[in-house]
Amino acid sequence: MPVQDGDQEFSKGTKVQKRKIKSSQTLNIVSTSSTNNLINQASHLKNKRMNQIRKRKRDLLKRINYTHTFTVVVLPLLSIIYLYKYSQPILPENQDTFYFSCIYFNFTILAFNSGYHKYFAHNSFKIRFKVLLYYFAIFGSSIGLGSIRWWATMHRAHHHFTDDTEKDPYSIKRGFAWAHWGWLIKKPKIVTFYQEFMEQEFPTSQKIVNEIGQNSDEYNRNEVFEYDIGLIDFLNWQDKSYFANFLLTTILIPGLITVYFCDDSLIHGIIYPGILRMFLCQQSLLATESLCHLKSIQVTIPSQPFNDKNSSHNCYNPLMSILTYGQCYQNYHHEFPHDYRSTSSLFAYDPTKWFIWSLEKLGLIEGLCITPNNLIVQLKIQQQQAVLNRMRSQLNWGTPISKLPLITPKDFKRIIGSSSNKDRIYIIIQNIIHDVTPFMEQHPGGVPLLKASHGKDATKAFFGGVYGHSTAAQNLLATMRIGVLDNGNDEEVWGRVVREEGDVEESNSSGQTKSYSTAEAA
Amino acid sequence: MASVDSEQVDVVDITSLNALAAGTNKKTPRIVAAGLGGRLMGTADLVKVTAEQITQDSLESLAEKDERERKKYSKVKHISEQPWTLSNFHKHINWLNMILVVAIPLYGLYNAVYYPPQLKTLILAFVLYVFSGVSITAGYHRLFAHKAYDAHLVCKLFFAFFGAGAIEGSIKWWSHSHRIHHRYTDTPRDPYDARQGFWFSHMGWMLSKANPKNRARADISDLTSDQIVVFQHRHYLLIMVTAAFIFPVLVAGLGWGDYWGGFIYAGILKTSFIQQATFCVNSLAHWIGVQPFDDRRTPRDHVITAFVTFGEGYHNFHHEFPSDYRNALKWYQYDPTKIVIYILSKLGLAWNLHTFSQNAIEQGLLQQQQKKLDRLKKKLDWGTPVDELPVWTREEFNKRAKEEGLIIISGMIHNVKKFIKEHPGGQPLVKASIGKDATKAFNGAVYAHSNAAHNLLATMRVAVLSEGEINANTFELQNQMMEKEKQA
């Protein structure tokens, strides 16, 4: 098959190939055994794929998200170049500008964290006065991470498909740089998927909402969604006016305030409280998705107390806490995303939590979402149990009783009597035969006791008659099992099989027989 | 009890085993300490017990035993059973031990106040302190009492000599009572029973007279066949005085003319320091710290105890794995005795170092953690167990569903009325499912709920549906369903 060259022939070529594939398929039905067709088909597929790759390369410039590149890369870079060229300090010299920058930093990042993140993406509370909506929407845009609809969709996708390299927009599996900055600069590959996801999560019009309500799943066929039309319009407005809002809150407002209230130049106002402040906010937000998902990070003690099946970590490091504005407890957040707190600890550094809490006390919002303590502890326990089960499966617990050979007393006596086993010691405990020869020298109670019990049933002596052995001793004993004594008294043995191996099954979570197990086993 | 029937396997004779374990199977019953030695640290009549008595004891309950003992001693009450009064306190006290452990150290302290030490003497005292301390931990304890390794003759002689200088009894007596302590931990037979309080396990047990009804024995036939142990036991008083007092006095006196300082600092005070450190293993190690291996008995792990006692502070581990030559497992835990033994083994002076397998150690850790988790689990609300839920028919469910806000998930009926408002995915989804089977929707068709959501769901159970499959572990069910979908 000749490979098509040149960009102009591409569209034509693909069409031809499509037709050919169709014809080859029909041919396939006619003559099944023709290998030629198979080869043809394969090369068609290969060509198609190569065309796709070429197309993607050609479209590289189209796939850059220029709005975000401008806010995330170009603006900070320009301002730093300016500062370098005119040898200005990285922190403002004018004290008033400095104080204003600090206040403005908190003012905007709180709008983003509690508005974009907690309210729109996670529905952590309900708003009673519309003023707050505008505060969230206008000052949230000053971070320069996109409109509410776009950012919250991406964030929900991130929570929904965490660590999925295709669907998670900032999956850490694609590398630190991608999770931190790359995803902002490059448009995602699966555009249509995200568009559909966005329509589903934040519909652009009421009509589509109803459509979804009728078609998407059978459970809601008769119900009509009561999605707030006001909110849809609001999101539409914010989406359209995002860039205007961004310019207003990042350039205009800081610039004017600096000039009129801080007695500083306009350019300082744009750079310090405007762009550099924005850059700092961006870094602290992006760090939660990159640093707090990075397992190999050494500056913190990464831990996953709730779920270790995804990459989110709780970073116990005060520096990380400050850097991420109190959002570094990602493992907790990924398990309880609707909680308005970022961790259940009362004393954690979490300004967003304090802010939302005070809003609630002021009566501006209501219906705070708090995870009950019981649930948090339950999940912690389940996670610890999972870790324990994993550890347990790695240890040697001796041969399971059900897999041991049955040995009759007669055979057993013959085994003892045979000369090849002269130096070995066999002891029966609870109807199970143990070969304790390798352990003999280590027995803390001495060898004579073992020798005296050779070939005999020492159950009583083992369990307190002479010495009540510790759990560790019983574990050691289990590793020395070699067979089950078949003396007609198997009820007791099978009782133990159920007890021990039932446990094993539970831990392997193949609990077909255990359909009545409680949620504890999870 | 050997059975004639060839179809049956013999059962061991516990009495004869106990005789073996206690060392009473010999024709001439061995006495641990006679004469002055018998009164030195314990009492000789504490070990006059037969295998039959021990067997009977371990097979019957404590109450039965108390009853038997009470009858036996109904006429004569032993001094230890009488209350302490002003008139009989002198009978309670073991005066010999009082002098050795309390009076002499006090005398030393008194003199130390008026006699400032020389630096050289202090260094000598410290060196002897380390020598005697290591002799007790590496020698008396891990080598002789636990047989954790085999040592060269030179080592044994060193341990026997400097160990005697600690004035804690002969190897034979010390190991015997230590083996009893391990065999009967936290029972009345334990000579330093930690359940009777800190001071009893620290010094009280040796300052007061013990009750002879708590007699116990342990097999020390391996020690009695050791020439060095026998020799040290026989000439204990002489060796003790030499090692504890004469040796330091001579070194300090002949070396730099400080006879009196050598006696006070390198003799008396050094000895009493070691004594207190060793007592700390019996008291402090059963008192403060954590129990990572087994919390049914009192031994505990703590770094402070380890610092005081040359590394014997990881006592919970030690009681679980007594014949391990190590006490601390991790590199950062303080156990100089372990290092000494390890170096000796590299020098060829010690060999056959016993260690328990990592597998067994981790098993112990795991089981204890599991126990803790299970205890925590019990405190939480996991929803009503399925077995205790009432069974409803479909009709009953249909009748009550709309009114009470009921949903079927995985064959169980859940009351979600109160929860509707709190549902993170919005109210409409839940409202739409009322009165229906939402198993699929809950388990991934609409949204794959988190483990926490499944836990929350479990607390809302009210009944079981009479027909249909039930899987109480809904999270497990969800994983299975999603797995199937992936394959399809």
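Predicted model: local features only at pLDDT ≥ 70, side-chain atom pairs only at ≥ 80, totals over all residues.

Student: How far apart do the C-alpha centres of domain 1 and domain 2 of chain B lie?

Tutor: Chain B is divided into two parts, with domain 1 covering 90-367 and domain 2 covering 386-487. Between the C-alpha centres of domain 1 of chain B and domain 2 of chain B, the distance is 63 Å.

Student: Which strands stand at the edges of the open sheet of chain A?

Tutor: This open sheet of chain A has four strands with mixed pairing, in the order β5-β8-β7-β6. A strand at the edge has a single partner strand, so one side of it is left without a neighbour in the sheet. The strands in that position in chain A are β5 (406-407) and β6 (426-429).

Student: In chain B, do strands β3 and β6 run parallel or antiparallel?

Tutor: Strand β3 (residues 391-392) of chain B is joined by two bridges to strand β6 (residues 461-465) of chain B. By contrast, β5 (residues 412-415) of chain B pairs with β6(B) over three bridges in the antiparallel sense, where Met412(B) is opposite Val464(B). For β3 and β6 of chain B, the sense is parallel.

Student: Why are α8(B) and α13(B) described as roughly perpendicular?

Tutor: Angles of 65 to 115 degrees count as roughly perpendicular. The axes of α8 (residues 153-164) and α13 (residues 236-256) of chain B come within 7 Å. Because their crossing angle is roughly 80 degrees, α8(B) and α13(B) are roughly perpendicular to each other.

Student: Of which class are the residues that form this contact of α8(B) with α13(B)?

Tutor: From α8(B) come Phe161(B), Phe162(B) and Ala164(B), while α13(B) contributes Tyr236(B), Ile239(B), Met240(B) and Ala243(B). The contact has no polar and no charged residues. Its seven residues are nonpolar.

Student: Which helix gives the largest share of the side of chain A that touches chain B?

Tutor: The contact takes 63 residues from chain A and 66 residues from chain B. Several helices of chain A each supply at least two residues to that side, including α17 (409-417) and α20 (471-478). The residues of this side divide into 28 nonpolar, 25 polar and 10 charged. The largest share, 12 residues, comes from α16(A).

Conventions
Residues numbered from 1 in each chain as written. Chains lettered and ligands numbered in written order. Domains from an automatic or database assignment. Pairing = 2+ DSSP bridges. Axes fitted to C-alpha atoms, helices over the stretch in contact; angles between N-to-C directions. Parallel < 35°, antiparallel > 145°, perpendicular 65-115°, else oblique. Contact = placed C-beta atoms within 7 Å. Nonpolar A, V, L, I, M, F, W, Y, C, P; charged D, E, K, R; others polar.
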